[in-house]
Amino acid sequence: MKNYRAELTGVFGDPVDDNPTGVVEEAAFAAKNLNYRYLTIKVLPEDLGKAMDSVKIFDMKGINLTMPHKIKVLPYLDELSPAAEIIGAVNTVIQKEGKLFGENTDGKGFVTALKNSGETLDKKNVTILGAGGAARAIAVECALNGAAYINIINRSIEKGEELASLIQMKTDSSAKYLNWKNNMAIPSDTDILINATSIGFSPNVTDKPDIDYTSITPEMCVCDVIFNPAETIFLKTAAENGAKTITGLGMLVQQAALNFTLWTGVEAPVDVMEDALKKEFE
Ligand code: NDP
């Protein structure tokens, strides 16, 4: 018997029109000859509960969550991964037999991209600029992957302190909040420096975090979450100082690859996904 029914996945967000994930996932489904669809769906905050019911009603394989749903979706889920539990937010949900399982692959995608570049987190000192959703996911995964110490540098004190104490209390890593001063010097024992703020994202491509760039040394590995543009001024300046750099594209592709495998059970065609994303930002 022929099967005319496609398996459904997608993303709920508001705004969501400019979310490029569909291009990446659809390219992967085609490459693996899977009859799956990725739908980019606008869901207003007040409709999130009904939308999550529809994931079950339509027997969708899963759904991604983006702004403003990553935290608000928690009451509608049956189970959370250990990392998602600590982070307190999910970016993807898997549906099986009417049960919704929440996972956070943002930080896992970052760690995979970092490890693929030959780095390890074991006993490393990490400094993170930012304390928003991306920083939170990255900080927790760095801690769960063996980081010794995590400095959180953030503009708003409350959010920075909250993230540092979350890491300190819920993981085996030590963490400290550092108040973001003008021309902020990066702690000299930093092994891995990460910009997890939204500074530098297109169209504000000439913006860069207000840090003392002379404090970036060749011994540091410097990473950005910004993927458009991939080569941010932050990374270019770090590279001029001799530091190794990693763009935000790897994190984006790797989290999409993890979501692909969680929904399909099939190994993700990472190269195809990366090409599709790069073409989109050409
Ligand atoms: P949030 O809004 O949750 O957090 C933004 C963070 O940036 C906050 O810590 C905020 O500080 C800080 N910030 C913003 N502007 C400034 C400024 N001028 N000076 C100092 N700090 C500033 O956003 P997300 O964490 O969800 O996303 C952050 C970025 O990461 C976005 O650009 C997003 O596109 C990107 N991202 C990339 C992913 C990838 O796969 N590569 C995945 C997820 C996100 P404060 O607390 O003081 O407001």
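Residues are numbered from 1 along each chain as its sequence is written. In this predicted model, local features need pLDDT of at least 70 and side-chain atom pairs count only at pLDDT 80 or more, while totals for chains, interfaces and linings use all residues; side-chain values use heavy atoms, with hydrogens and water left out.

In contact (heavy atoms within 4.5 Å) are 5 residues of domain 1 and 9 residues of domain 2.

The size of an interface is often given as the accessible area lost when the parts come together. Here the two domains bury about 670 Å² between them, with 65% of it on carbon and sulfur atoms; buried area is the accessible area (1.4 Å probe) that two parts lose on being put together, summed over both. Of the area that domain 1 buries against domain 2, 75% is supplied by Ile 86, Ile 87 and Asn 104, more than any other three residues.

The rule finds 1 salt bridge across the interface, a salt bridge being a side-chain nitrogen of Lys or Arg within 4 Å of a carboxyl oxygen of Asp or Glu. The side chains of Glu 103 and Lys 108 meet in a salt bridge at 3.4 Å, N to O. On the side of domain 1 that touches domain 2, helix α3 (residues 82-87) gives the most, with 3 residues; helices are DSSP runs (H or I, at least four residues), numbered from the N terminus.

Technical notes. Helix = DSSP H or I, 4+ residues; strand = E, 2+ residues; numbered from the N terminus.
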